[in-house]
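Dear colleague,

Please find below the structure that I am handing over to you, with its sequence. My notes on strand pairing and helix packing follow it.

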2 protein chains.
Amino acid sequence: MTFNTGEELRLAIRKEIFDKPTSGYASEYVQANLVILPKDWAYDFLLFSQRNKKPCPILEVGEVGDYNTRFIAENADIRTDLSKYRVYENGQLISEPKNLKDLWRDDFVFFLIGCSFSFEQALINAGLELRHQTENVNVPMYNTNIMCNSAGKFKTSPLVVSMRPFNHKNAIKAVEITSDYPDVHGSPVHLGDPKIIGINDINTPDYGDRVNIKDDEIPVFWACGVTPQKAALISKPPIMITHSPGYMFVGDIKNSELKL
Amino acid sequence: MTFNTGEELRLAIRKEIFDKPTSGYASEYVQANLVILPKDWAYDFLLFSQRNKKPCPILEVGEVGDYNTRFIAENADIRTDLSKYRVYENGQLISEPKNLKDLWRDDFVFFLIGCSFSFEQALINAGLELRHQTENVNVPMYNTNIMCNSAGKFKTSPLVVSMRPFNHKNAIKAVEITSDYPDVHGSPVHLGDPKIIGINDINTPDYGDRVNIKDDEIPVFWACGVTPQKAALISKPPIMITHSPGYMFVGDIKNSELKL
């Protein structure tokens, strides 16, 4: 299946015609991480995002109880327009529903958070190879010893990073290019020796898959959208709903529109 | 009086040794707009800022009831470290106290918002002349027909802009330079014909002072930190406290650190 726009893909998901991971589909259009929290946790989460902009670049926040987007997509319905969700209660994963029609509550607030898919397109356009794409696996992700700033009920929690290997020349290019995308994690947080940020074995990522790093390459690390999920799980809100990894929200704006 | 650091200036203000407008003092250090709101208005204001990043670039938000800064300054006390405040009740200015020692409440939340003083230093360093500085007046500011996005109790309200005239060559330079400072309003929102954004008479600003525009110059307009104050006044929170115009909060970080 191919989709010419984010809206086409979103409508296919809503009708349950399409239920695969969204990576590579409608690839010019912005994809986003989803976090849903009850109102009494929403302020602290928004503040956590303000204090940790690199891992939590907020693209849109709903009004209390509202499941329709206003900014990055028109007429999207947060309850039906992703194909797989994760429901956590007190930090425990309890179900993975296909929609939220029966679960949505009047006190829910949704957050859409920028995703590295947006800057990956810019890296590819500049001629860079993304190893996890070449090897057809998930990008490797790691917990680090870099701690996020706390905010109200959200305790301090480790920054999660994604890693892409490049040779020295392309590592510089990758820094330059992603610097122009602060709304989707921006420039890297680290490059080179993984031990400096608390990663002891680059070959055993905490999330996603291992990729090969060639002799002339160094690992380059970006703040990752898994960070707010990890923070929320440590702080154990009574209920939190997210997208299922890889099953992202797809918007109407193009990745290129996020460039500074 | 001269001050080598933001902290020196702040301590002089705290001791009431210094009580003048802060522009031009400790000029390498970041200065910020202050907004204080009760907790039940804080979420909507934070959301308003997220939806209107250009006029409301948030530099720091306090925890509920906390009057000490953690990020842009160490050991600053929001109650005493500005020399003049404005207290508004239901949208009406009711007093202009020298400190907030008797007014601070356990449910207050402070917001420090980026200020164009930060990018003005970068413009001067690049050799550009700032007309309001040459003429020794306040920068001219205008209400526009560009409407801010609403957020909860914060209704839609007009974007307020500041204006600096440049010749065409320097206007381009000014766009380039300020683009690198998204945390202090970033690139301009408009340049050229003021009527397009609803300004009918460039010679009668709504706030600040008129400046001369030479024959070879065009006006360049930036989103302005007066916008959130205007939004709050339209939406009439029961209480809101701000800095008095020109009497800014001064931090420990340098303007240059806000560059992307």
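Which residue is the bridge partner of A:Leu191 in S9(A)? The partner is A:Val220. Before the details, please note that this is a predicted model, in which local features need pLDDT of at least 70, side-chain atom pairs count only at pLDDT 80 or more, and totals for chains, interfaces and linings use all residues. Residues are numbered from 1 along each chain as its sequence is written, while chains are lettered from A and ligands numbered from 1 in the order in which they are written.

Sheet of chain A

Chain A has an open sheet of four strands in the order S6-S7-S9-S8, with antiparallel pairing. Strands are DSSP runs of E with at least two residues, helices are runs of H or I with at least four, and both are numbered from the N terminus; two strands pair if DSSP finds at least two bridges between them. Strand S6 (141-147) and strand S8 (190-191) of chain A are at the edges with a single partner strand each, so one side of each has no neighbour in the sheet. S8(A) runs antiparallel to S9(A) (residues 217-223), and two bridges join them.

Helix H5 (residues 168-179) of chain A packs on this sheet, touching S7 (158-167), S8 and S9 of chain A (contact means C-beta atoms, placed from the backbone, within 7 Å). The direction of H5(A) makes about 130 degrees with that of S7(A); axes are lines fitted to C-alpha atoms, for helices over the stretch in contact, and angles run from 0 to 180 degrees between N-to-C directions. Helix H6 (residues 226-235) of chain A lies across S6, S7 and S9 of chain A, at about 155 degrees to S7(A).

Sheet and helices of chain B

In chain B, an open sheet of four strands likewise has the order S6-S7-S9-S8 and antiparallel pairing. Within that sheet, B:His190 stands opposite B:Phe221 in S9(B). H5(B) lies across S7, S8 and S9 of chain B.

Helix H3 (residues 117-125) of chain B packs against H5 (residues 168-179) of chain B at an angle of about 130 degrees, with the axes 10 Å apart. H3(B) is therefore oblique to H5(B) (under 35 degrees is roughly parallel, over 145 roughly antiparallel, 65 to 115 roughly perpendicular, and the rest oblique). In this packing, B:Phe119, B:Ala122 and B:Leu123 of H3(B) meet B:Ala174, B:Ile177 and B:Thr178 of H5(B).

With kind regards

Technical notes. Two residues are in contact if their C-beta atoms, placed from the backbone, lie within 7 Å.
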